Amino acid sequence: MCSECRDTGWVQERLPEGFTTSRRCRCQMGGGVASQYGRLRLPPLFADARFDNFSAGDYNKEPRKHQVLTAAMSKGRWFADGFPMESSKGLLFHGGSIEWRTHLAVATLKRLADKGFSCLFVEYQDLLQALQHRSGDDDERDELASKVNSVDVLLIESLGERRPTDWAQDTIYSIVKHRYHNRLGLLATTGLPLSDSTSEPRPAMQSTSSAARYQDTLAQRIGRQCAEMLESICNTVQVEVRVAERPVAVPSRSHG
């Protein structure tokens, strides 16, 4: 890890006038030891995300949460350790909080980078906006599209977050299809329910995820064809923790 930027690629500097500015770290410009994760474009919030600092909770206090999150973490490790020999070329982390699923997805991506694979983190909505509105600079847009299509493993965060348009659905389908046809790795996270059958929580259960508040499913957001292709190349990793609703206490009536 770069001691100066902690692998975020950016360093905060205090100016004489009292303002704070950001500059590219020397590890990104060949001025120091090459950053191991600098080219992943990780958001600062998750720059330090690793498997060994992920908290799955206390088993004695929250056994169900511990079981679900430990299983999700194991799937991420298993995938990274077996890539690219495993038949599955992707993982889809779904449900739970964005902190849980993105932490695990980034930890998986970094483990793959440790093995020497080229990796890239992109946020779904930012990716679509960048491809659609790249200030008219076709060269920059083509460079981004090239990176998205060429890296060994691509991580798309918050898949389907943007309201669907024909252009957005066609674009994400093209990216997923390219990864499928070229046997390239794909990681994705989503807070959306995957199908109609999971769009609402069971009456006797209370979800800790905000996913149940969405009316749309992932398939509706990215298109049925894209969702089916995603399902064929990605194993789903549940990060959703469901807990039984606590019974409502009924005050006893006083007698006499």
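Helices (H or I, at least four residues) and strands (E, at least two) are DSSP runs, numbered from the N terminus. This is a predicted model: local features need pLDDT of at least 70, side-chain atom pairs count only at pLDDT 80 or more, and totals for chains, interfaces and linings use all residues. Residues are numbered from 1 along each chain as its sequence is written, and side-chain values use heavy atoms, with hydrogens and water left out.

**Exercise 1. The chain as a whole**

Task: State how many helices and strands the protein chain has, and what share of its residues is buried.

Solution. 
- Step 1. The protein chain has 7 helices and 9 strands.
- Step 2. Apply the burial cut-offs: buried is under 20% relative accessible area, exposed is over 50%, and partly exposed is in between (1.4 Å probe, protein chains only). Of the 256 residues, 44% count as buried.
- Step 3. Turn to contacts (heavy atoms within 4.5 Å). Among those in the protein chain with a separation of 6 or more, 73% join residues 24 or more positions apart.

**Exercise 2. Strand 5 and its partners**

Task: Find which strands pair with strand 5, and in which sense.

Solution. 
- Step 1. Locate strand 5 at residues 153-157; 5 of its 5 residues are buried.
- Step 2. Check each side. Val 153, Leu 155 and Glu 157 are buried on one face, Leu 154 and Ile 156 on the other.
- Step 3. Look for pairing, which requires that DSSP finds at least two bridges between two strands. Strand 4 (residues 119-123) pairs with strand 5 in the parallel sense over 5 bridges. Here Leu 120 stands opposite Leu 154.
- Step 4. Strand 6 (residues 185-190) also pairs with strand 5 in the parallel sense, over 4 bridges. In this pairing Val 153 is opposite Gly 185.
- Step 5. Follow the chain from strand 5 through helix 5 (residues 166-181) to strand 6: this β-α-β crossover is right-handed. The term means that, with the strands pointing away from the viewer, the path from the first strand over the helix to the second runs clockwise.

**Exercise 3. The nonpolar cores**

Task: Identify which residues touch the most other members of the largest nonpolar core.

Solution. 
- Step 1. Define the set: buried Ala, Val, Leu, Ile, Met, Phe, Trp, Tyr and Cys residues joined through side-chain atoms within 4.5 Å.
- Step 2. The largest core holds 33 residues, and Leu 109, Leu 112 and Leu 187 touch the most other members.
- Step 3. Helix 1 (63-82), strand 3 (90-94), helix 2 (98-114), strand 4 and strand 5 each supply at least two residues of this core. Helix 2 gives the largest share, 8 residues.
- Step 4. Take Leu 112. Leaving aside neighbours within four places in sequence, Leu 112 contacts Phe 79, Ala 80, Phe 83, Phe 117, Cys 119, Val 153 and Leu 187.
- Step 5. Another core lies apart from the largest one; its 31 residues include Leu 92, Leu 144, Leu 159 and Ile 222.

**Exercise 4. Backbone details**

Task: Locate the cis peptide bond and two non-glycine residues with positive phi.

Solution. 
- Step 1. The cis bond joins Phe 83 and Pro 84, with omega about 5°. Pro 84 sits in the loop between helix 1 and strand 3.
- Step 2. Arg 41 has a positive phi of about 60°. Arg 41 lies in the loop between strand 2 (20-24) and helix 1, and is partly exposed at 47% relative accessible area.
- Step 3. Ser 158 has a positive phi of about 55°. Ser 158 lies in the loop between strand 5 and helix 5, and is buried at 7%.

**Exercise 5. Cysteines**

Solution.
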